Amino acid sequence: MNRIYSERHIPVLLKEVVDNLVWKPDGVYVDCTVGEGGHTKAIAERILETGGKVIGIDVDSEVLQIAERNLEAYPNVQLFKFSYVDLPVLLNLLQVHKVDGLLVDLGVSTYQLKGEGRGFSFNQDEPLDMRMNLESELTAHHVVNTYPEDRLADIIYNYGEERFARRIAHSIVQNRPINTTRELVEAIRKALPYKEIHNRKRHFATKTFQAIRIEVNKELENLAKFLSFAPDLLTPGGRIAIISFHSLEDRLVKHTFKNDPRLEPLGDFIAPSMEEIAENPRSRSAKLRVARRVGIF
Ligand code: SAM
């Protein structure tokens, strides 16, 4: 791996996750989105002396290499390149029948966003890619250059919550072929009124880039699939903790935790403190929800 990358990912709501997820000192926990390993490390540390274990998975083989280095000192961690959508297959292979906790930290890792060459960021000029799993077929290039205008507009509106979605989709279609992140930024710029470009708190391309990333990685479909089987993987009393950064994801999690008879939500959502947001602005839209598997002990 020779990509330039200097900034480390700061795990969001770290103490809150560990305090709420780890309830059994000798339990087995799965970090379904291990990333650079920040949450995995804190969970592993908490249960190291008491016989607990963490299974960490991620679809991104590059980010997993960083996690391997960061977690070298933890013999109670096992890492695998796997999608959380296929977690039942992995647990079957490992002959683990039930686990005591599941963590999903949605969104992108700093490595993916800030490292060179992955096409996630509007701040660099790179080929349009945005795949978290480098083996999957669908790329941002395909979405941007082949999807019909209406479908693009719906994606940008729904996943990006972008008011000017129709205008942006039209401009994308007019400016095809679009091969790089900079060309995509330019197509977005042409679609937006002057004051939207200059007065928005965040970069004017943020919402459209987020929407395309969610589509490329099928993030909402994957979360919905995961929520449908996850409660069956938990021991009675087992916990599931999900950090989301998007209102559609949070709505799905909230609805499932409230209505799935296998689960009982533990309190309302937890948001980062002012101090955490000041230290790590990426955390500002994070919401942590935790639920417990109901059942007979
Ligand atoms: N908690 C991590 C940490 O502290 O370093 C950061 C996780 S980062 C926000 C989200 C991670 O989820 C990314 O590394 C991404 O590759 C991974 N991911 C996305 N979709 C996935 C999936 N379907 N299965 C497994 N990992 C996935």
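**Reading a seven-strand sheet**

This predicted model holds an open sheet of 7 strands, ordered β3-β2-β1-β4-β5-β7-β6, with mixed pairing. In the predicted model, local features need pLDDT of at least 70 and side-chain atom pairs count only at pLDDT 80 or more, while totals for chains, interfaces and linings use all residues. Residues are numbered from 1 along each chain as its sequence is written, and side-chain values use heavy atoms, leaving out hydrogens and water.

Q: What makes β3 (77–81) and β6 (263–265) edge strands?
A: Each pairs on one side only. Strands are DSSP runs of E, at least two residues, and helices are runs of H or I, at least four, numbered from the N terminus.

Q: How do you know that β2 and β3 pair?
A: Pairing needs at least two bridges found by DSSP. Strand β2 (residues 53–58) and β3 have 5 bridges, in the parallel sense. Gly56 stands opposite Leu79 in β3.

Q: What does helix α3 touch on the sheet?
A: Helix α3 (residues 61–70) touches β2 and β3. Contact means heavy atoms within 4.5 Å.

Q: Why are the buried residues of α9 said to line one face of the helix?
A: Buried means under 20% relative accessible area, with a 1.4 Å probe and protein chains only; exposed is over 50%, partly exposed in between. In α9 (residues 181–191), the buried residues are Thr181, Leu184, Val185, Ala187, Ile188 and Ala191. Seen down the axis of α9, they fall within an arc of 160 degrees, so they line one face. The arc is that of the directions from the helix axis to the C-beta atoms.

Q: What covers the buried residues of α9?
A: The cover includes α6 (140–146), α8 (165–174) and α11 (206–216).

Methods: Axes fitted to C-alpha atoms, helices over the stretch in contact; angles between N-to-C directions.
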